[in-house]
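Please read the points below with the model open beside them.

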Amino acid sequence: MSLLPSCRGTYYALAFSTTLSIYVATYPYETVALLSLVLTILGVLSVDYADRTTVNQLIEGFTICGARPRYVLFAVVLLTIVKCLILSIPPSIVLAVSGLEEGLINPLLAVAVGVATALYEVRKRYA
Amino acid sequence: MIHRGEIVGIHGPSGAGKTTLLKIIAGLEKPDRGDVIVEGYNVCMLDENALAMLRNSVVGFIPQDYGLIEELTVIENVELPLLLAGMDRNERRKRVMELLEYIGLADKAKQKVKYLSGGEKQRVAIARALSNTPSVLLADEPTANLDWENARKVLELFQRISRDFDTTILVVSHDPRVMEYVHRRYELRDGKLYPVLS
């Protein structure tokens, strides 16, 4: 089974966020680090929204097939983590290479936001 | 009471509660009151883990929108219940290919589900529901998204399954033509089931 994100929106968001990071990193503003954090959150949320169908299919499909709730949670969280890391690591590297080492925490933030939305989706199913 | 190997049809207008009834039997929803006994298990008394085991081995459920994971291949969708049951890879693949041969989709095994037609998706959903040889198969509006030619093929497949595997099949539909393929039929009206004598 492939864990790579299937939604084209994920890769559009990746291209957008990486390009924007390059643009932002070339300007010596004090708010660049904060701006990159905001962009990371927005990127993860937009990808989550765009790829909601796949996550819901995963939850429904696993549940119908008899997966225990913890397995459903594991599958959804794993998919989300892979997606968030793909989205956040390249821009983070761009920022770090440009001298903005604060950008290295972006993957952690992306995973945190992504996992929170994934937990919310799974919780809705078992509420 | 529904006996082993029977095909029972439940029809009624939209909003009558047909889907809800199936979901209650599958343990996907809880009833307000009463008991549901499936193969000796009182579904209403089971916790989520026990319900998961029931869906994995006793009850196969086919939702109206097929419930497939579109980005996975046909094989990956059909083998999911077997993977969850802990079956090893070689045995899983052998069982899945047998099922795909049975339903006539062996040539599409490695294709992603999103590229299949509605009729093919329906048959994949049926194969997945059958993979752990459940005693009961629940089908929610199995012909709703199909033209009558494909619908007929699906209903004939249900008849074959009932005969070959002695599986009890419960089909809900608002289409009265579906009821010609069942052994017994009921009408769901105002929250109650009324037997329909043929």
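1. Order of elements. Along its sequence, chain B runs β-α-β-β-α-β-α-α-α-β-α-β-β-β, which amounts to 6 helices and 8 strands. The model is predicted, and the points below should be read with that in mind.

2. Overall dimensions. Chain B has a radius of gyration of 16 Å, and this agrees with the value near 16 Å that a compact globule of 198 residues would have. Along the principal axes, the C-alpha atoms of chain B fill a box of roughly 45 × 40 × 30 Å. Of the 198 residues in chain B, 43% count as buried. Taking the contacts in chain B between residues at least 6 apart in sequence, 70% join residues at least 24 apart.

3. Helix α1(B). In this helix, residues 18-25, the buried residues are B:Lys18, B:Leu21, B:Leu22 and B:Ile25. These residues cover an arc of only 95° around the axis, so they sit on the same side of α1(B). In general, an α-helix has 3.6 residues a turn, so residues three or four places apart point the same way. Just after the helix, B:Gly27 has a positive phi of about 80°.

4. B:Asp35 is located in the loop between α1 and β2 of chain B. B:Asp35 counts as exposed because it has 9 C-beta neighbours inside 10 Å, the cut-off for exposed being 12 or fewer. Between the C-alpha atoms of B:Asp35 and B:Ile25, 10 residues apart along the chain, the separation is 9.7 Å. If neighbours within four places in sequence are left aside, B:Asp35 is in contact with B:Asn42 and B:Cys44.

5. B:Tyr41. This residue lies in strand β3(B), residues 41-42. B:Tyr41 has 17 C-beta neighbours inside 10 Å and therefore counts as partly exposed. Not counting residues up to four places away in sequence, B:Tyr41 touches B:Leu46 and B:Leu54. The C-alpha atom of B:Tyr41 is separated by 16 Å from that of B:Glu29, with the two residues 12 apart along the chain.

6. Strand β4(B). Is this strand, residues 59-62, covered on one face or on both? Both faces are covered, with B:Val59 and B:Phe61 buried on one side and B:Gly60 and B:Ile62 buried on the other. The general rule is that side chains in a regular strand alternate between the two faces of the sheet. β4(B) pairs in the parallel sense with β5(B), residues 136-140, over 4 bridges. Within this pairing, B:Gly60 stands opposite B:Leu137.

7. Helix α4(B). The 15 residues of this helix, 89-103, reach 21 Å from the first C-alpha to the last, close to the 21 Å expected at 1.5 Å a residue. Its buried residues are B:Arg92, B:Val96, B:Leu99, B:Leu100 and B:Ile103. Seen down the axis, the buried residues of α4(B) fall within an arc of 100°, so they line one face of the helix. Their packing partners in chain B are α3 (74-84), α5 (118-130) and α6 (148-165). On the other side of α4(B), B:Asn90, B:Glu91, B:Lys94 and B:Glu98 are exposed. B:Gly104 follows the helix and has a positive phi, near 85°.

8. The β7-β8 hairpin of chain B. β7(B) and β8(B) run antiparallel and are joined by 5 bridges. They form a hairpin with 2 residues between them, and B:Asp190 in the turn has a positive phi of about 50°. B:Arg185 has B:Val196 in β8(B) as its bridge partner. Strand β8(B), residues 192-196, is hardly covered, and the count of buried residues among its 5 residues is 0.

9. Contact between the chains. 15 residues of chain A are in contact with 20 residues of chain B. On the side of chain A that touches chain B, α3 (52-64) and α4 (69-97) of chain A each supply at least two residues. α3(A) gives the most, with 6 residues. By type, the residues on that side of chain A divide into 8 nonpolar, 5 polar and 2 charged.

Technical notes: Residues are numbered from 1 along each chain as its sequence is written. Chains are lettered from A and ligands numbered from 1 in the order in which they are written. A residue is buried if 20 or more other C-beta atoms lie within 10 Å of its own, exposed if 12 or fewer, and partly exposed in between; C-beta atoms are placed from the backbone. Two strands pair if DSSP finds at least two bridges between them. The expected span of a helix is 1.5 Å times one less than its number of residues. The arc is that of the directions from the helix axis to the C-beta atoms. Two residues are in contact if their C-beta atoms, placed from the backbone, lie within 7 Å. Ala, Val, Leu, Ile, Met, Phe, Trp, Tyr, Cys and Pro count as nonpolar, Asp, Glu, Lys and Arg as charged, and the others, Gly among them, as polar. The radius of gyration is taken over C-alpha atoms; the globule rule is 2.2 Å times the number of residues to the power 0.38.
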